[in-house]
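Trainee: I want to see how the labels follow from the values. Can we work through them one by one?

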Amino acid sequence: MKNKIDFTREQRELTRLDRETNRPKGVHYLLFAMIVLTIIYIVDEITSNVNAAMQPYALFDLFGITSRSVSAPEYKTAINTVAPWQVASNLFLIITPFYKALSDRFGRRPFLMINTIGMGVGMLIVMTSHSVVQYILGMLAMMFFTPNDMQVLYIMETAPKEKRATYSFVAKGIALISVSLIGVMSRIFLRDDVPTSWRMVYLIPVIVAIVIGAVSFFLVRETPVFVDQRRSFLSLTPEQRKAKAEEDAKSSTAEQGGVFRALKFIFVNHQLRWILIAGFLFFATTFYTSYYATVLEGAMTTELVSIALIIYPLVNGIVTIVSGFFSDRLGRKKACLILGGLALAGLLVFVIACRMHWGPAAAGIAYGCSIGGLWSMSDTLILTMPAESSPSGMRASVMGTISVMIGAGMFIGQALFIVLQNFVSMDLLFLFICVPFMAVSLIVLMTKVKETKDVDLDSITADTYK
């Protein structure tokens with residue numbers, strides 16, 4: 001009876017997908033879809049950055065720190081309370097591959113909606129929080145939904161094959177630059193004499209996230225790649241599915257599928273194993289992106305901080321876009337060397353600019369260069385090089401699994417920071433932790449990992465990099 005019900009449900013789904021395939025798209029559908037997806041990308045980037053930008057003001061309010069000083073003992077206590085939960089949120093990375101895999105069964109469109117609304121709801125919880133517990137719950141909700149990047153997968157599966165990279169770079173560049181809107185909203189809403197004014201910075205992003213998330217289900221259609229793959233699977237008889245599974249198990253394409261198979265492959269493959277080690281060490285340096293606003297607030301007025309918050313995303317977006325071009329020209333390893341150097345140099349100048357009171361322009365430009373180099377190197381280590389080192393049959397599984405394992409490196413940096421910030425100035429701590437980890441990561445990458453530039457993705461096998 002159960003098999004009959006499953007068969008009937010699958011037939012209804014196949015009929016629906018057939019109708020979706022045959023339904024004509026409007027002339028301007030692709031442009032319209034890209035606009036919607038870019039807005040969702042902007043929501044994602046703002047959600048990823050707004051908590052860090054508003055951190056000192058939220059903690060002043062929720063912990064009743066009347067001095068509004070990031071040097072106050074009460075502020076260190078507040079950091080000690082909130083920061084461990086930020087570290088704990090990395091545990092979400094364990095379930096991320098399984099959560100994202102649900103879109104292979106149920107489609108991209110419902111998860112595009114769920115993810116976007118989820119980010120909006122998380123920001124709403126933070127915005128309306130009147131207790132530390134509620135603030136932490138909202139923060140955890142935001143941290144669960146932002147890493148999934150469903151809009152990126154949607155762009156890759158919707159854009160024309162020959163223009164996928166172009167569409168992705170343009171959307172990401174616009175989204176990164178749009179983070180400057182946090183600074184604009186800070187200048188409009190933040191007031192030193194109104195402790196709760198930080199909440200208003202979340203208002204517009206919350207409204208946009210929930211509205212665009214809800215209507216996206218009706219504004220964009222399911223991706224053609226998912227429709228074709230799902231129709232192909234549903235068209236097979238049970239006997240054909242069984243035969244195909246047996247054939248795959250006997251062939252080289254058995255290097256496919258699944259988090260656990262990918263996990264085993266990463267550890268036995270020389271290339272991927274060293275990419276994992278280099279990336280794990282690298283991610284120990286990313287913790288400072290959660291605390292930069294505290295350093296800014298300790299160096300200048302709230303109004304000047306807002307100016308820095310406008311400047312740094314512009315620089316970040318420019319560095320990100322440019323990095324894609326010289327990565328293709330110079331190779332992945334040389335690009336990482338340059339980007340890692342830029343991240344550390346920018347961080348050093350940022351610390352000096354804040355200590356010497358050079359103003360928001362210098363601090364904003366330096367921080368923008370630093371995180372532009374940091375996250376561009378991150379994309380290379382987590383996305384590009386694993387993709388260019390994996391067989392086609394298990395590329396998606398390897399990319400999802402290795403990103404979780406590399407991301408776990410954040411635990412090291414976060415844990416060191418939480419302990420040492422009680423004894424060492426926060427800005428100096430950025431350098432003390434980041435310099436050695438970044439240096440070792442680059443040494444591993446340059447000496448143990450082979451270049452992947454210009455590799456033929458279709459010809460990669462398990463033995464390609466041995």
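Mentor: Start with contact: it means heavy atoms within 4.5 Å. Keep in mind that this is a predicted model.

Trainee: Which residues of α2 and α10 meet by that rule?

Mentor: From α2 come Y29, F32, V36, I39, I40, V43 and I46. From α10 come P205, V208, A209, I212, S216 and L219. By class, that contact has twelve nonpolar residues, one polar and no charged.

Trainee: How are the two helices placed?

Mentor: Helix α2 spans residues 29-62 and helix α10 residues 203-219. Their axes lie 10 Å apart, at an angle of about 145°. The crossing is left-handed.

Trainee: What makes A262, F265 and I266 of α13 count as buried?

Mentor: Buried means under 20% relative accessible area. A262, F265 and I266 are the buried residues of α13, residues 259-268. They cover an arc of only 100° around the axis, so they sit on the same side of α13. On the other side, F260, K264 and V268 are exposed, and exposed means over 50%.

Trainee: What is the size of the largest nonpolar core, and which residues have the most contacts inside it?

Mentor: That core has 122 residues. Those with the most contacts inside it are M54, Y292, L296, F350 and F430. Helix α2 gives the most to this core, with 19 residues.

Trainee: Which residues does F430 touch?

Mentor: Leaving out residues up to four places away in sequence, F430 touches F287, Y288, Y291, Y292, V295, L347, F350 and F417.

How values were computed: Residues are numbered from 1 along each chain as its sequence is written. This is a predicted model: local features need pLDDT of at least 70, side-chain atom pairs count only at pLDDT 80 or more; totals for chains, interfaces and linings use all residues. Side-chain values use heavy atoms; hydrogens and water are left out. Axes are lines fitted to C-alpha atoms, for helices over the stretch in contact, and angles run from 0 to 180 degrees between N-to-C directions. Helices (H or I, at least four residues) and strands (E, at least two) are DSSP runs, numbered from the N terminus. A crossing is left-handed if the near helix is turned anticlockwise from the far one by less than a right angle, and right-handed if clockwise. Ala, Val, Leu, Ile, Met, Phe, Trp, Tyr, Cys and Pro count as nonpolar, Asp, Glu, Lys and Arg as charged, and the others, Gly among them, as polar. A nonpolar core is a set of buried Ala, Val, Leu, Ile, Met, Phe, Trp, Tyr and Cys residues joined through side-chain atoms within 4.5 Å. Buried means under 20% relative accessible area, exposed over 50%, partly exposed in between (1.4 Å probe, protein chains only). The arc is that of the directions from the helix axis to the C-beta atoms.
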